[in-house]
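Please look over the sequence and the model below before reading on. The notes that follow are grouped by topic and meant to be read beside the structure.

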Amino acid sequence: MDYQDCYQDQQMMEFFQDQNEQMMESFQDQNEQTMEFFQDQNEQMMGFHQHQTQQMMNAFKPQRQRQTPLRRPQQTNYARQPQINYQQQQMRSNKQMRDKHMAARRDQERRVAEKRERERERRTAAQREEERRIAAQREQERRIAAQREQERRARMSGILHFVVLEATDVPKADFFGKSDPYVVVRCGGVQDQTTFLKKTYNPKWNQSLRLEVFDEKEPVQIAVYDHDNHSHDDLLCTQTIYFDQFGVNKSVEFDLKMKTEEQYQKQNKQTRLIFTVKYEQIRKQKTAAAPAPQPTNGPAEAMLTCICGEAMKKLNEQNCYKGNGVWCDKCRKKIQKGAMVYHCKRLAGAKYHPDGYDICTNCAGK
């Protein structure tokens, strides 16, 4: 056993000695290669510096004293240079790419911001232009309204003040329940109305109405309606008054008997409306000159002047009678068929004068 152990130890020693010799030889070879590499590099650098120095010296010498330039150093043996660090090269390449992308992104953001700024300026300019247009349009509308108001006031002759107090014995319009009456006052194309009162035959409004008057020759039409929620309002009774009945700038109280509509006359109700009227005259209207008097042979041959200022003409039976006859607009009496009537067509089409303004023979002579 001792002999074998010694033999193994000897073999191990020989093995390690061989390994040490190989490593020493490899280290020596590497050192020699490294020394040769650095020596070559130094020689090349020295030759390059000598060449540069010779060129600089020749540059300061005259042309004839210049020497032949030194030969160029030998080409570098790249096979003997150390390997390039590819990781550093990749990092530099990645940095360049990032810088390029960042520059492109900043350029794109700048273009987008400029585009948004131009769009905002365009919208702001369009908005300002629209505001100026709207302001100019409103100013024009205001001027037109002021001009129309001025013209209307120039045409307005006065203001009619109504105070509707109460009404009694109002007809019933609906089958169930009582009436919901309210009063409407019209003069020309202007009207005003009271509020409606629920379920009463004797309403008390005590409400003021105001109407602008443009023609004092127009009649004042008063109507009482029944308010309905689900259908049109029903006309209960009507009546007409004229400016010559209450004068100017004085308050007159009326206890007016209303004319009940035909469909409610079966109820035998005598509706009366109590109200006060005051006409505030602003300017006097120019009255048309009265027509020259015509020769007459009695009341039936008289020529009359209508409330509108036009001379009334005598009509025959065929022109003035329709159906059951007509009513005299002055005495409010029915004109019998066959009697003479004086007629003015200027007010034709009005609600209370659908065929014109009619006066009977008896009123013509008054």
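**Salt bridges**

In this predicted model, the count of salt bridges comes to 13. Side chains of opposite charge can pair when their charged atoms come close.

- R120 is joined to E117 by a salt bridge in which the closest N and O atoms are 2.5 Å apart; R120 and E117 both belong to helix 2 (residues 86–155), where they are three residues apart, about one turn of the helix.
- E130 counts as partly exposed at 36% relative accessibility, and R133 counts as partly exposed at 43%.
- A salt bridge also links the side chains of E139 and R143, at 3.3 Å from N to O; both residues lie in helix 2, here four residues apart, which again is about one turn of the helix.
- In this pair E139 is partly exposed, at 30% relative accessibility, whereas R143 counts as exposed, at 56%, because the cut-off for exposed is over 50%.
- Beyond these pairs, a network of salt bridges links D107, R110, R111 and E114.

- Four strands make up an open sheet, in which they follow the order 4-1-9-7 and pair in antiparallel fashion.
- Strand 4 (204–213) and strand 7 (251–257) are the edge strands, and each has a single partner strand, so one side of each is left without a neighbour in the sheet.
- From one strand to the next, the twist averages 20°.
- Strand 7 and strand 9 (residues 272–281) run antiparallel and are joined by seven bridges; within this pairing, V252 has V277 of strand 9 as its bridge partner.

**Nonpolar cores**

- In soluble globular proteins, nonpolar side chains tend to be buried together.
- The largest nonpolar core of this model has 29 residues, and those with the most contacts inside it are L160, F162, I222, I241, F246, L273 and F275.
- At least two residues of this core come from each of strand 1 (158–168), strand 2 (181–187), strand 4, strand 5 (220–226), strand 6 (234–241), strand 7 and strand 9.
- Which residues does F162 touch, if those up to four places away in sequence are not counted? F162 is in contact with V185, Q207, S208, L209, V220, I222, I241, F275, T276 and V277.
- Another core, of six residues, lies apart from the largest one, and among its members are C328, I335, I359 and C360.

**Cysteines**

- The structure holds zero disulfides.
- C187 is buried, with a relative accessible area of 4%, and C237 also counts as buried, at 0% relative accessibility.

**Loop residues with positive phi**

- K199 has a positive phi of about 50° although it is not a glycine, and K199 is located in the loop between strand 3 (190–193) and strand 4.
- K199 counts as exposed, because its relative accessibility of 62% is over the 50% cut-off.
- N268, which is also a residue other than glycine, has a positive phi near 55°, and N268 is located in the loop between strand 8 (259–260) and strand 9.
- Is N268 buried or exposed? At 67% relative accessibility, N268 counts as exposed.

Note on methods
Residues numbered from 1 in each chain as written. Predicted model: local features only at pLDDT ≥ 70, side-chain atom pairs only at ≥ 80, totals over all residues. Heavy atoms only, no water. Pairing = 2+ DSSP bridges. Axes fitted to C-alpha atoms, helices over the stretch in contact; angles between N-to-C directions. Disulfide = S-S within 2.5 Å. Buried < 20%, exposed > 50% of the residue type's maximum accessible area, 1.4 Å probe, protein only. Core = buried A, V, L, I, M, F, W, Y, C linked by side-chain atoms within 4.5 Å. Contact = heavy atoms within 4.5 Å. Salt bridge = Lys/Arg side-chain N within 4 Å of Asp/Glu carboxyl O.
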